[in-house]
Amino acid sequence: MDPYSPTKWLTPHNNARKAVGLRPLTWDTNLANFAKAYGTQRSRDCAMIHSNGPYGENLYWGSGNSWTPDQAVASWLSEKRFYNRYSNTCRARDCGHYTQIVWKSTMRVGCARVVCGRGAGVLFVCEYYPPGNFNGERPY
């Protein structure tokens, strides 16, 4: 079981959504279970490979064992500076983690934190429903 409460995941997600005028996400245990199962499947190598499951998905890997959910979400949200709302494009880098968090039709999220094998760090997985990041569509 993930030692972090849903609030640790939801607060940074919902603060970002509130900043752009969107309704908050709610916690979904089924999504969290999917995230945990996938994270556990990747725990040997903690490779940043998406599950290709039916949901939107954000992954984050951190070396060491002290990373927390708010730090992982903050990393995804740091991509906001690369998103140009007027042209609906990303500048210089990917901003898909950010846009998934603030995707207007997404209503639920579930996340997990998994310790990687041999002390190789931690992997964070968040699943979003409905998924976002559809080409040509605006997140909000």
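Contact here means heavy atoms within 4.5 Å. The model is a predicted one, in which local features need pLDDT of at least 70, side-chain atom pairs count only at pLDDT 80 or more, and totals for chains, interfaces and linings use all residues. Residues are numbered from 1 along each chain as its sequence is written, and side-chain values use heavy atoms, with hydrogens and water left out.

**The annotated stretch**

Select residues 4–136. UniProt lists them as "domain: SCP" in an unreviewed entry; its positions are given in the numbering used here, feature names are shortened, and annotations may be inferred rather than shown by experiment. Over this range the chain is 32% helix and 22% strand, with the end C-alpha atoms 35 Å apart. Helices (H or I, at least four residues) and strands (E, at least two) are DSSP runs, numbered from the N terminus.

**The nonpolar cores**

Next, select Ile101 and Val102. These are the residues with the most contacts inside the largest nonpolar core, which has 24 residues. Such a core is a set of buried Ala, Val, Leu, Ile, Met, Phe, Trp, Tyr and Cys residues joined through side-chain atoms within 4.5 Å. Buried means under 20% relative accessible area, exposed over 50%, and partly exposed in between (1.4 Å probe, protein chains only). Colour α1 (6–19), α3 (69–77), α4 (96–101), β5 (108–115) and β6 to see the elements that give two or more residues to this core. Apart from it lies another core, of seven residues, including Cys46, Leu59, Leu123 and Val125.

Now show what surrounds isoleucine 101. Leaving aside neighbours within four places in sequence, isoleucine 101 is in contact with His13, Ala16, Arg17, Leu25, Asn58, Val73, Trp76, Leu77 and Tyr128.

**The salt bridges**

The structure holds two salt bridges, each a side-chain nitrogen of Lys or Arg within 4 Å of a carboxyl oxygen of Asp or Glu. Select aspartate 28 and arginine 108, whose side chains meet at 2.6 Å, N to O. This pair links distant parts of the chain, 80 residues apart: aspartate 28 is in the loop between β1 (26–27) and α2 (29–41), and arginine 108 is in strand β5. Aspartate 28 counts as buried because its relative accessibility is 11%, whereas arginine 108, at 29%, counts as partly exposed.

Then select aspartate 45 and arginine 42, also joined by a salt bridge at 2.6 Å, N to O. Here aspartate 45 is partly exposed at 44% relative accessibility, and arginine 42 is buried at 14%.

**A buried glutamate**

Move to glutamate 127 in strand β6 (residues 122–129). Beyond four places in sequence, the contacts of glutamate 127 include Leu31, Phe34, Tyr55, Glu57 and Arg108.

**The aromatic rings**

A search of the whole structure finds eight aromatic pairs. Rings of Phe, Tyr and Trp (its six-membered ring) pair if their centres lie within 6.5 Å; planes under 30 degrees apart count as stacked, over 60 as edge-to-face and the rest as tilted. Select tyrosine 60 and tryptophan 67: their ring centres are 5.5 Å apart and their planes are at 65°, so the pair is edge-to-face. Tyrosine 60 is buried, with a relative accessible area of 14%, while tryptophan 67 is partly exposed at 25%.
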